[in-house]
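Hi everyone, thanks for coming. Let me put the model up, and then we'll talk about charged pairs.

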Amino acid sequence: MAQPLTIEDLRLLAKRRVPRMFYDYADSGAWTEGTYRANESDFADIKLRQRVAVDMTNRTLATTMIGQDVSMPVAIAPTGLTGMQHADGEILAAKAAARAGIPFTLSTMSICSIEDIAENTDKPFWFQLYVMRDRDFIGRLIDRAKAAGCSALMLTLDLQILGQRHKDIRNGLSAPPKPTLVNLIDLAFKPRWCLGMLGTKRRTFGNIVGHAKGVGDLSSLSSWTAEQFDPTLSWDDVKWIKDRWGGKLILKGILDAEDAELAAQSGADALIVSNHGGRQLDGAVSSIAALPGIVEQVGGRMEVWMDGGIRSGQDVLKAVALGARGVLIGRAFLYGLGAMGEEGVKLALDIIRKEMDITMALCGKRDIHDVDANILVKGKA
């Protein structure tokens, strides 16, 4: 097999190797998937200025995100069920991120637990928190992240209730897969994935089973999760979480300038312009379209990042040009993980890094800190 050269190459390979219900979970959006598609397609409308006869030597993509040194302005986004794209997926992705010199974020709804990541990596990682009705469980989850040495807490604000994702419903998504005839036939054609899963004990939600009250196994997990996402989440809860955590706090899921203002007033260190990858409010604006207005609203009071639709290094550079201090990638690394495990994640990051580096040079810049809207064709941003 030829070496994948693009994120799209990795996607196609992952689609062949990952069971359909888990591939579709990663590669889908809510309802019509219009926002999911716009996240990606809106980047294509932003055009770059080609510059020539400028010194392109000694280029650097190195910067910081909330004071943490990063080799490029990219972090691994928190994604649920990562360990179902590939056995021990979160551990492998965290290792690949550490090798690449970028942050890894573990989801509350991960297969590998907070403790699994801490035991298998030697670099601090970030932890993403969903707010549940059981605040005692949330408090203990925050304490576990502290004990594991997590260097930042990422609070997701846009999943108080779950958007309807038709593919997941049709596939009967579960972890582990429901033994329906269709799913069993699909698994029979995914021997590499099945062998990997047989070789690991991590096949459920590691942060929840055995930690939340009344959740000792998978049978009790589904009813717990259906009841637990808290629709009453408010900015008062953000303050409580900030005080309980006491460290760097990132707010994920901001898509509106009014919410960005409240985020800036909250005292958090960064916000992420995000529509949950098009998986929540279908018909919402794309993340890249929302970014400039939110950057303007915040006015430097906190770092502004974005996620959604990043499929290349050029996309990262365009986001930085429009004011993002950094970006998070979800599907791009999941494709690599599903395709080739840890080496696939590393390859996805290498692809993004190389594309960003070459594009920055051809736009006449040598340092990522010098990239701004001047690299874009006016009227196309």
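One term to start: buried means under 20% relative accessible area, exposed means over 50%, and partly exposed is in between, with a 1.4 Å probe and protein chains only. This is a predicted model, where local features need pLDDT of at least 70, side-chain atom pairs count only at pLDDT 80 or more, and totals for chains, interfaces and linings use all residues. Residues are numbered from 1 along each chain as its sequence is written, and side-chain values use heavy atoms, leaving out hydrogens and water.

Now, the salt bridges: each is a side-chain nitrogen of Lys or Arg within 4 Å of a carboxyl oxygen of Asp or Glu. The whole structure has 22 of them.

Is lysine 252 buried or exposed? Lysine 252 is buried, at 5% relative accessible area. Its salt-bridge partner is aspartate 307, 3.5 Å away from N to O. They sit 55 residues apart, with aspartate 307 in strand S9 and lysine 252 in strand S7; helices (H or I, at least four residues) and strands (E, at least two) are DSSP runs, numbered from the N terminus. Aspartate 307 is buried too, at 7%.

Compare that with aspartate 243 and lysine 239, which are both exposed. Their salt bridge spans 2.9 Å, N to O. These two are about one helical turn apart, because four residues separate them in helix H11.

Last pair: arginine 99 and glutamate 342, with closest N and O atoms 3.0 Å apart. This one links helix H4 to helix H15, across 243 residues. Arginine 99 is partly exposed, at 43%.
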